[in-house]
Amino acid sequence: MLRIGMLTSGGDCQALNAAMRGVFKTVTRNAKEPVEFYGFEDGYKGLIYSHFHLLTDDDFTNLLTVGGTILGTSRVPFKTIREPDENGLDKVEAMKQTYYKLQLNCLVVLGGNGSHKTANLLSEEGLNVVTLPKTIDNDLWGTDMTFGFQSAVDIATRAIDEIHTTASSHGRVFIVEIMGHKVGWLPLNAGMAGGADIILIPEIPYDIDRICEVIDKRDATGHRFTILAVAEGAISKEDAKLSKKEYKKKLANYKFPSVSYEIADQIAKKTGREVRVTVPGHTQRGGIPNSYDRVFATRLGAEAGKLILDKKYGVMIAYKNREMVPIPLKEVAGKLKTIDPKARIIKEAKLMGICFGDE
Ligand code: F6P
């Protein structure tokens, strides 16, 4: 008997179900022995508190178009994983106990950065772990692409597309705030696809005066409106100079709902223009996965299934240079894939006249 446990952890995204379907079908259709699949509910919580149910073929029919995750998810921050819970339970020991109690051969984790730190820890603790790279942020180290990202780019792009007409009618400045606290892949790609004039990402601190100059220049050359695609984690040059402690202090007394509103306030005061903010928020993680993500997640699932059948553990299945490759979890855990401000895509965007607020 082959016993596999599976969980989805952290923020959800499109095509989680497609990826799990890929794993399930590959293992159940190709294993030389009977297979039992256990679905842990609400991420690592299900493994900690032994909340699970058996998964069958019925769970994986008509799933390709279904967003979210049929297993539920939650965030169990890695920094708290070694701390006992409110009842004094050792979470790591509890996860190991569940794994051994069910006599699992392998645990499959679909997760992003934080989830990979925990997956690596469990692997170091002796569990057989295989992971799949999930996140709309595309910031997981070791893989060129994560599933969920392309669907989120589509949604954020549509948000910008829809702002274009109203921005143009009113001759206003519009800010579309796009998810990404630490990295800017999503705002960069949606901003370029949606034809934003200014894109602000965490990796390139901005100068508000430079942004206002660009808006004034557009106005002077007959462009009635300006659209900014702003990452949740966009940061000004001044704030980037602050120590972590000083920046935290600033945020503790912050009067704006998010950085976009601060930028809007500054632009309105400095240029005298009308500025509006639109926040698509969690719509970027929701709804039907696009066809790219359905295929990509299915492929990752099939490859992960093959790793399980071949008993190759302690790895994440990654997409590198157009190949599916297993990468050791210890190499992935704790690293972010950020955008190099000197990357070609940034240079190309600048050649097109897109301003990043830096020069
Ligand atoms: O990591 C995915 C992500 O959607 C980020 O882009 C965003 O900053 C964050 O999660 C939002 O987290 P939550 O769903 O906990 O509000």
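Which polar side-chain atom lies 2.7 Å from an oxygen atom of the ligand? In this predicted model, that atom belongs to Asp-137, and the pair is a polar contact in the sense of two N or O atoms within 3.5 Å. Further polar side-chain atoms face ligand oxygen atoms, with His-282 at 2.9 Å and Arg-285 at 2.8 Å. Taken alone, the ligand exposes 400 Å², of which the protein buries 71%, the areas coming from the Shrake-Rupley method with a 1.4 Å probe.

The model is predicted, and local features need pLDDT of at least 70, side-chain atom pairs count only at pLDDT 80 or more, and totals for chains, interfaces and linings use all residues. Residues are numbered from 1 along each chain as its sequence is written, and side-chain values use heavy atoms, with hydrogens and water left out.

The shell around the ligand, taken as residues with a heavy atom within 4 Å of it, includes Arg-75, Ile-136, Met-179, Gly-180, His-181 and Glu-232. By class, this shell has 2 nonpolar, 3 polar and 4 charged residues, where Ile and Met count as nonpolar, Asp, Glu and Arg as charged, and Gly among the polar ones.

The chain is divided into domain 1 (2-148 + 289-332) and domain 2 (151-285), with bounds from an automatic or database domain assignment. Their C-alpha centres lie 34 Å apart, and 13 residues of domain 1 are in contact with 11 residues of domain 2, contact meaning heavy atoms within 4.5 Å. Because both domains give residues to the shell around the ligand, the ligand lies between them.

Conventions: A polar contact is a pair of N or O atoms within 3.5 Å; within protein, one must be able to donate a hydrogen and the other to accept it, and residues adjacent in sequence count only if both atoms are side-chain atoms.
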